[in-house]
Amino acid sequence: MAHLGLAQTDENLIRNGDFEDDITGWVFANFTKRFPDALAWEEKDTEGKSRGALKVTMPAPEALEEKSPWQTGAVCTLLGKLDPETEVIKIKFAAKSLDESPFLFITRLHGGGGGQSVELEPGWKKFEVIISTAHADNALVFTLIGKPFAGAGPGAGPGASPVAEGAFLLDNVEVTTAKKK
Ligand SMILES: [Ca+2]
């Protein structure tokens, strides 16, 4: 299967996943709305001894167009295309909960891909998730949900996993492709 444009390397497919100096490349999206105040550069509370992290504060639910986790959260766009028939997206990152909303959901923005939730803790913790995608072009969304994501299937959908209020920190995000098993 021909590769669509990315070399098979471990090169990070997103810009500024370490938030060294700022949060360039990241936006907080909710359908057509953008919430610039939802994202902030955190200078001191970072993973390890790195510089800078991303602080995400979920907007109040009443301010949102809809509470779909596929459309709401901190978004970064992948550089280049991948082959959805043979490749999946591997995401390594560190995160930390800043309150009692611990379930962080990671998925493809606008749906059309898998998703996975992880449980955050009050201290920094490393995670690795793999999500499938049906598309060559992808952006990823990181968002808080009220309970662990139960996966696709009957009863799944935005109503089953609405976004939750809360805040979290994100750092050292590395995105690569992996071969589909
Ligand atoms: Ca950092």
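In this structure, six strands form an open sheet in the order E2-E1-E5-E10-E7-E8, with antiparallel pairing. Its edge strands, each of which pairs on one side only, are strand E2 (33-34) and strand E8 (115-119). The strands, labelled E, are DSSP runs of at least two residues, numbered from the N terminus, and two strands are said to pair if DSSP finds at least two bridges between them. The model is a predicted one, in which local features need pLDDT of at least 70 and side-chain atom pairs count only at pLDDT 80 or more, while totals for chains, interfaces and linings use all residues. Residues are numbered from 1 along each chain as its sequence is written.

Within this sheet, strand E7 (residues 103-108) and strand E10 (residues 139-145) run antiparallel and are joined by six bridges, and Thr-107 stands opposite Val-141 in E10.

There is also an open sheet of five strands, whose order is E3-E4-E11-E6-E9, again with antiparallel pairing. Here the edge strands are strand E3 (39-42) and strand E9 (125-131), each pairing on one side only. From one strand to the next, the twist averages 35°, where the strand axes are lines fitted to C-alpha atoms and angles run from 0 to 180 degrees between N-to-C directions.

E4 and E11 run antiparallel and are joined by four bridges, with Leu-54 standing opposite Leu-170 in E11. E11 also pairs with E6 in the antiparallel sense, over 10 bridges, and there Ile-91 stands opposite Val-175 in E11. E6 in turn pairs with E9 in the antiparallel sense over seven bridges, and Ala-95 stands opposite Lys-125 in E9.

In soluble globular proteins, nonpolar side chains tend to be buried together.

Ala-74 gives an example of these contacts, two residues being in contact if their C-beta atoms, placed from the backbone, lie within 7 Å. Leaving aside neighbours within four places in sequence, Ala-74 is in contact with residues including Trp-26, Leu-54, Val-141 and Leu-170.

Glu-174, in strand E11 (residues 167-179), is partly exposed because 17 other C-beta atoms lie within 10 Å. Beyond its neighbours within four places in sequence, Glu-174 is in contact with Asn-12, Gly-17 and Lys-92; the C-alpha atoms of Glu-174 and Asn-12 are separated by 5.4 Å, although these residues are 162 residues apart along the chain. Asn-172, likewise found in strand E11, has a positive phi of about 50° although it is not a glycine, and Asn-172 is partly exposed, with 19 other C-beta atoms within 10 Å.

Notes:
Buried ≥ 20, exposed ≤ 12 C-beta atoms within 10 Å, placed from the backbone.
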